[in-house]
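Dear colleague,

Please find the structure below, handed over for your own work. My findings follow directly after it.

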Amino acid sequence: MKIGITCYPTYGGSGAVATELGLELARRGHEIHFITYASPFRLRGYAEGVYFHEVDTRMGRYPLFDHFPYTLALASKQHEVAMRERLDVLHVHYAVPHATTAYLAREMLEGQWPLKVITTLHGTDITLVGQESSFYAITKFSIERSDAVTAVSNFLRDETHRAFGCGTCDIRAIPNFVNLAEYRPAVDGRCEGLAPDDHRILTHVSNFREVKRVRDVIRVFARVRRAMPATLLMVGDGPDRTDAENEARELGVSEDVRFLGRLDTVANLLQSTDLFILPSQTESFGLAALEAMACGAPVVATRAGGLPEVVDDGVDGILEPVGSVEAMGRRAVELLRDPARHAEMRAAAIARAHDFSADRIVPMYEALYHEVLG
Ligand code: GMT
């Protein structure tokens, strides 16, 4: 099949999933065309059967435009690529605005080329951004006009029905997946130099937006740090980074918190991690948690959104209500003080991640493409 994929190329879960999906589909012999304004951050170097089409944003400097109409440029590029490359399917990730531009591109092709549009909902496109009054009606319309819609968890599917109605859409939950060839337990110990040898390593990876509650990450870590030598790796960047840095200073743990900034690949850090912290306000799935589990790091997270579909409390991780830093910290300390229990949870986390392997999940998308194409 020839499949177009549009996603945000920036550091974030939806772009990561879309890119990993494209790469997996290409490995299975499909031809993949990424259409976006920059090369997706997980698309590293050449891959057989994968092409990147950059949306032209040069007119962005035209003096009349205070705000460049990117959505029009994207729809035009999707139309152009679909027509020229004879795409069977245009699979867009994150509804706002991609479901809308894909709808436009398909309408422009009417009578010329039978393009099918599939929209995958990822999280804040439904729980936050899509519900803003300026986006609500057009998001609902575009979802309803897609040829098929998927959500990355049962939680997100149900939330879409609750918030948007979408009576006519049959939203299929297809969970996120992990590339087990890259995200796997360490074979030769942990990375050198990350932390002193006697320190436990805790890690958080995100785009440091409000929804991630990065100050809670620091608060949980501070409780662990009081109980044992430990280092916290903060990977990523975003609007709340300064808040997290201040919190670390105020709690007197900044010496042991390392802000590493955005990294394109984190598998080696996760392989060195004893505990992954994800205390989000909401999380439709929690891809970062899954990737940590695949590398052998149990997760301390909130019982929010789709996280309970990934993490089994007390088995392969710890779940507590949003904001319960005391409970998360206490249970993290108990776990890290009990090597046998930690080893058990680590093994369970690795096993659980295999339920979300690319080999299990990617065929679900292929089946959907076949269904849509009749
Ligand atoms: O929140 C992020 O890190 C990015 C965001 C996105 O849409 O780019 O992530 C969402 O999609 C991920 C991939 O499907 C999910 O694993 C995340 O749980 C989800 N984030 C939220 O729901 C807050």
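Isoleucine 3 stands opposite isoleucine 32 of strand β2. Strand β1 (residues 2–6) and β2 run parallel and are joined by four bridges; two strands count as paired if DSSP finds at least two bridges between them. Helices (H or I, at least four residues) and strands (E, at least two) are DSSP runs, numbered from the N terminus. Between β1 and β2 the chain passes through helix α1 (residues 13–27), and this β-α-β crossover is right-handed, that is, with the strands pointing away from the viewer, the path from the first strand over the helix to the second runs clockwise.

This is a predicted model, in which local features need pLDDT of at least 70 and side-chain atom pairs count only at pLDDT 80 or more, while totals for chains, interfaces and linings use all residues. Residues are numbered from 1 along each chain as its sequence is written, and side-chain values use heavy atoms, with hydrogens and water left out.

Strand β2 (residues 31–36) is mostly covered, with five of its six residues buried (under 20% relative accessible area; exposed is over 50% and partly exposed in between, with a 1.4 Å probe and protein chains only). On to strand β3 (residues 50–54), β2 is joined by five bridges, and the two run parallel. There, threonine 36 stands opposite glutamate 54 of β3.

A second sheet is open and has six strands in the order β10-β9-β8-β11-β12-β13, with parallel pairing. Its edge strands, β10 and β13 (317–320), each pair on one side only. On average, neighbouring strands of this sheet are turned by 20° against each other, direction ignored (axes are lines fitted to C-alpha atoms, for helices over the stretch in contact, and angles run from 0 to 180 degrees between N-to-C directions). Strand β9 (residues 230–235) is joined to β10 by four bridges; methionine 234 stands opposite phenylalanine 259, and valine 235 has glycine 261 as its bridge partner. Together with helix α8 (residues 241–250), β9 and β10 make a right-handed β-α-β unit.

At least three residues come from each of domain 1 (2–177 + 358–373) and domain 2 (200–354), with bounds from an automatic or database domain assignment.

Threonine 160 sits in helix α6 (residues 154–164) and counts as buried because its relative accessibility is 0%. Leaving aside neighbours within four places in sequence, threonine 160 is in contact (heavy atoms within 4.5 Å) with Leu121, Ile126, Ile143, Gly165 and Ile171.

Yours sincerely
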